[in-house]
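This report covers overall dimensions, surface and aromatic ring pairs.

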Amino acid sequence: MNMKKRVLSGIRATGRLHLGNYLGAIKGMLELQDNPDYENLYMVADLHTLTTPYDVEELRKNRREVIIDYLSAGLDPEKSILFQQADNPYHLELAYLFSSVMTVAKMQHLPTFKEKVKQHPENVTMALLNYPVLMAADILIYKADSVPVGLDQEPHVEVAREIARRMNQDYGTNFPEPKRFKTEGQYVPSLLGEGKMSKSVEGSFINLVDDLETIKAKIAKAPTDTGSIGGEIPKEGGVANLFTLLKLIGSDEVYNKFILDYRDKKIRYSEMKEILSDAIYKELQPIQEKRKYFETHPEIVGEIIAEGNKKAIAIARETVEEVKKKMGLL
Ligand code: ADP
Ligand code: TRP
């Protein structure tokens with residue numbers, strides 16, 4: 001009997017990962033992977049990629065790239081099960097079973113759904129509506145109770161809790177109510193001065209693979225003109241975002257120095273941006289080095305995925321069988 005609690009998280013295969021994904025999600029995964037109380041499962045959410053318009057060949061490539069990003073960032077196949085969602089057919093099976101306890105109205109009212117409808121009004125598909133139900137299946141199929149994801153994913157984790165409660169009530173299953181595992185970087189702001197860093201907003205993000213020059217060029221463009229300086233730093237806008245990034249990635253000493261500079265009206269944004277860019281690069285450089293290794297050893301990546309898929313499927317099969325029995329399907 002496995003007494004460890006479980007962790008499950010995933011990232012869609014929509015492109016290269018950015019600093020927001022790293023600080024908001026991957027840092028949490030890394031922390032939990034070193035906690036001996038947990039068994040960790042991390043997947044690439046390739047099926048969720050189908051919920052917005054995508055390119056077939058890009059997806060084929062990216063569903064592997066995300067695994068390479070995980071490995072490069074420090075997820076370790078000796079400690080974590082790394083796998084591809086679409087290779088485990090039980091996720092879809094459980095999602096269908098779960099869809100019978102979730103109403104359409106509830107799904108239509110989720111802020112994440114409404115946002116996607118606005119972004120892609122021509123692509124409001126059944127798969128998009130069902131996104132949170134599949135995500136609940138991803139989590140609950142492993143009976144995971146901890147989910148390291150950024151703040152924007154909270155409504156989805158809430159849906160998973162609701163489905164767990166419903167299933168337990170209606171069918172006597174024993175699903176835990178999963179909680180989001182929060183990181184300090186649960187909301188990494190955009191470089192554009194407004195909103196969150198997101199791969200769907202051009203100019204808002206720093207890629208994990210960006211070199212120092214690219215990072216400097218991107219940070220240099222970040223807006224700082226707020227009209228006033230002196231006193232407390234602003235709560236929102238370009239300047240606030242730069243301070244948030246510096247706090248997340250720089251040393252306390254440097255952060256405090258710039259807070260004082262701002263207060264005393266002697267802040268030089270060019271200097272702050274330079275230091276911030278260097279600090280970001282220092283964090284990303286080891287990840288980029290490791291990436292080179294995995295890029296040139298595809299057979300190792302392939303073995304890691306095959307092994308991870310096998311382990312994930314074995315756990316998932318048990319849960320689905322149990323649920324089918326309780327629902328009168330076995
Ligand atoms: P994007 O919004 O760029 O498309 P995803 O939706 O693929 O990113 O998010 C993958 C993971 O990264 C999720 O756990 C999400 O919460 C986290 N994440 C994405 N953007 C940020 C951000 N700006 N700050 C913190 N976490 C984020
Ligand atoms: N919705 C998540 C995102 O936007 C990806 C995801 C799919 C996920 N299934 C999950 C995250 C299960 C955590 C747990 O990135």
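## Overall dimensions

Along the principal axes, the C-alpha atoms fill a box of roughly 70 × 45 × 40 Å.

This is a predicted model, in which local features need pLDDT of at least 70 and side-chain atom pairs count only at pLDDT 80 or more, while totals for chains, interfaces and linings use all residues. Residues are numbered from 1 along each chain as its sequence is written, and side-chain values use heavy atoms, with hydrogens and water left out.

## Burial

Of the 330 residues, 49% are buried (under 20% relative accessible area, 1.4 Å probe, protein chains only).

## Aromatic pairs

There are five aromatic pairs, counted for rings of Phe, Tyr and Trp (its six-membered ring) with centres within 6.5 Å; planes under 30 degrees apart are stacked, over 60 edge-to-face and the rest tilted. One of them is Phe-83 with Tyr-142, edge-to-face because the planes stand at 65 degrees, with centres 5.7 Å apart. Phe-83 is in strand E3 (residues 80-84) and Tyr-142 in the loop between helix H7 (131-140) and strand E4 (146-148), 59 residues apart; helices (H or I, at least four residues) and strands (E, at least two) are DSSP runs, numbered from the N terminus. Phe-83 is buried at 0% relative accessibility, and Tyr-142 is buried at 0%.

Phe-243 and Tyr-262 also form an edge-to-face pair, with centres 6.1 Å apart and planes at 90 degrees. The pair ties together helix H10 (residues 238-249), which holds Phe-243, and helix H11 (residues 252-263), which holds Tyr-262. Ring pairs link Phe-243, Tyr-255 and Tyr-262 into a cluster.

Terms used:
Chains are lettered from A and ligands numbered from 1 in the order in which they are written. Buried means under 20% relative accessible area, exposed over 50%, partly exposed in between (1.4 Å probe, protein chains only).
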